[in-house]
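Please read the following note with the sequence and the model open beside it.

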Amino acid sequence: MHTFQPYPIDKMEFNPFTKIGKEWALVSAGDKTRCNTMTVSWGGVGVLWGKNVVFIFIRDSRYTKEFLDNGDLFSLSFLSEDYRDALNYCGSHSGRGEEDKFAAAGLTKAFRHDIPYPDEANLVFLCRKMAAVPVSEDSFIDSTLMDKWYSDHDMHMMYVGEIVEVTAR
């Protein structure tokens, strides 16, 4: 297991366009008994409701969404390019059933404040869920987005989480 230390959020140099949109991240939720992780490439960081937050988008069909819906905590983790295969695996496999998706992707489950995250990460945002906002068909002003991204009507839920701690190796 690696040693993670708290990292002051005001000292971070973090480009969300690169980290989330190009390098991707893993969202993990659940507890020590049952948890799951999945790759995300949509989301961001910022300030909302007087808190430092992340916001992520999870499709209704994703297994990890069940863990997010049933708990109050989750992590958003960033790994080096060495783990691109693991990120690809976690983005294309469900983990539903008996599969330990962390292990199947070659990752080691770790916990901090009872929040799961991959031990191989370099940077982890530990988050407390503040809101779950459904993306609905009637919310689109640009109707081409519905056709392009939701032709199967598998909509997203936007989760807003307060960053309660940032840890880094």
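Predicted model: local features only at pLDDT ≥ 70, side-chain atom pairs only at ≥ 80, totals over all residues.

1. The protein exposes about 9,000 Å², where accessible areas come from the Shrake-Rupley method with a 1.4 Å probe and, for residues, only the protein chains shown count as cover. Residues are numbered from 1 along each chain as its sequence is written, and side-chain values use heavy atoms, with hydrogens and water left out.

2. On overall form, the C-alpha atoms fill a box of roughly 45 × 40 × 30 Å along the principal axes. For 169 residues a compact globule would have a radius of gyration near 15 Å, and the protein agrees with this at 15 Å; the radius is taken over C-alpha atoms, and the globule rule is 2.2 Å times the number of residues to the power 0.38. The protein has 5 helices and 10 strands, these being DSSP runs numbered from the N terminus (helices H or I of at least four residues, strands E of at least two). Among contacts (heavy atoms within 4.5 Å) between residues at least 6 apart in sequence, 72% join residues at least 24 apart.

3. How many of the 169 residues count as buried? The share is 43%, with buried meaning under 20% relative accessible area, exposed over 50%, and partly exposed in between (1.4 Å probe, protein chains only). In soluble globular proteins, nonpolar side chains tend to be buried together. A nonpolar core is here a set of buried Ala, Val, Leu, Ile, Met, Phe, Trp, Tyr and Cys residues joined through side-chain atoms within 4.5 Å.

4. The largest nonpolar core has 25 residues, and Leu 76 and Phe 125 touch the most other members. At least two residues of this core come from each of S2, S3, S5, helix H2 (63-70), strand S6 (73-78), strand S9 (123-134) and strand S10 (156-168), and S10 gives the largest share, 5 residues. Apart from this core lies another, of 17 residues, which includes Ala 86, Cys 90, Ile 115 and Leu 126. Leaving aside neighbours within four places in sequence, Phe 125 is in contact with residues including Met 12, Val 54, Leu 76 and Ile 163.

5. The buried residues of H2 are Tyr 63, Thr 64, Lys 65, Phe 67 and Leu 68, and they pack against S2, S3, S5, S6, S9 and S10. In helix H3 (residues 84-92) the buried residues are Arg 84, Ala 86, Leu 87, Tyr 89 and Cys 90, and these pack against S2, S3 and helix H4 (101-104).

6. Three tryptophans in loops deserve a look. Trp 42, between strand S3 (35-40) and strand S4 (43-48), is partly exposed because its relative accessibility is 31%. Together with Leu 145 and Trp 149, Trp 42 makes a nonpolar surface patch of about 260 Å²; patches are made of residues with over 30% relative accessible area and no salt bridge, like charges being joined within 9 Å and nonpolar side chains (Val, Leu, Ile, Met, Phe, Trp, Tyr) within 5 Å. Most residues other than glycine have a negative phi. Trp 24, in the loop between helix H1 (16-19) and strand S2 (25-30), has a positive phi near 75°, and Trp 49, in the loop between S4 and strand S5 (51-59), has a positive phi near 55°. Trp 24 is partly exposed at 25% relative accessibility, whereas Trp 49 is exposed at 53%.

7. Side chains of opposite charge can pair when their charged atoms come close. A salt bridge is a side-chain nitrogen of Lys or Arg within 4 Å of a carboxyl oxygen of Asp or Glu, and by this rule the count comes to 9. Arg 96 and Glu 66 form one, with the closest N and O atoms 2.8 Å apart. Arg 96 lies in the loop between H3 and H4 and Glu 66 in helix H2, so this pair ties together parts that are 30 residues apart in sequence. Another salt bridge joins Asp 100 and Lys 109 (3.4 Å, N to O), and salt bridges that share partners join Lys 51, Arg 128 and Glu 162 into one network.
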